[in-house]
Amino acid sequence: MVERKSEAGVSPLEVLARMDQLIALSLVGQHTLAERLGINVTDLTCLGFVLGAGEEALTAGRLAELAGLTTGAVTGVVNRLESAGYARRVPDPHDRRRVRIVPEGDSAARIAVAYEPTYRRLTELFESYGPDELAAISDWFTRAADAMRTSLAEIRESPAL
């Protein structure tokens, strides 16, 4: 179990600064991991969406929506993921004009191995919290993701700076 110190009186701005540090480290980590896997970070992000879809294999259009890419850009992503052996196109069983993107072979296991050290450390960290604290952390992640989706939509709709 990981020991942690209590920091009563931490301000929202201090928490925001710590979150910014975590996000920056996560971005660097994603770029580094993508490079080690032989793909770029956009492809890794899209692969994450493909793997996360499970049995509900994504259409290229849905993948474009999730990743905030054009369908043309997703074509390039899927081409690269296929070439690297991480994903493949399969015909949509309900509409032969569409294709779905599914993981290729053992790609989920390969990605799991790549993320294992990080997930192990984070799991150990989460195990140091009680059930009520975990509920609050989970709630925060859910609500923060919603806030980020709203902010992303605003950024995409606003004029260029």
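Let's start with a pair of side chains: E82 and R89 meet in a salt bridge, 2.3 Å from N to O. A salt bridge here is a side-chain nitrogen of Lys or Arg within 4 Å of a carboxyl oxygen of Asp or Glu. Side chains of opposite charge can pair when their charged atoms come close. E82 counts as partly exposed because its relative accessibility is 31%, and R89 is partly exposed with a relative accessible area of 30%. The cut-offs are these: buried means under 20% relative accessible area, exposed over 50%, and partly exposed in between, using a 1.4 Å probe and protein chains only.

This is a predicted model, in which local features need pLDDT of at least 70 and side-chain atom pairs count only at pLDDT 80 or more, while totals for chains, interfaces and linings use all residues. Residues are numbered from 1 along each chain as its sequence is written, and side-chain values use heavy atoms, leaving out hydrogens and water.

The structure holds eleven salt bridges. One of them joins the side chains of E104 and R88, at 3.6 Å from N to O. E104 lies in the loop between β3 and α5, and R88 in strand β2 (residues 87–91), so this pair ties together parts that are 16 residues apart in sequence. Helices (H or I, at least four residues) and strands (E, at least two) are DSSP runs, numbered from the N terminus.

R110 also forms a salt bridge with D106, their closest N and O atoms being 3.8 Å apart. Salt bridges that share partners join D92, R98 and R100 into one network.

Helix α5 (residues 107–127) has 21 residues. From first C-alpha to last it reaches 28 Å, close to the 30 Å expected at 1.5 Å a residue; the expected span is 1.5 Å times one less than the number of residues. At Y115, shortly before the proline P117, α5 has a kink of about 55°. That bend is the angle between axes fitted to the seven residues ending there and the seven starting there.

Which residues of α5 are buried? They are S107, I111 and Y115. Their cover includes α1 (12–37), α2 and β3 (99–103).

## A buried aspartate

D43 has its place in helix α2 (residues 41–53). D43 counts as buried because its relative accessibility is 1%. Not counting residues up to four places away in sequence, D43 touches V77, R80 and L81, where contact means heavy atoms within 4.5 Å.
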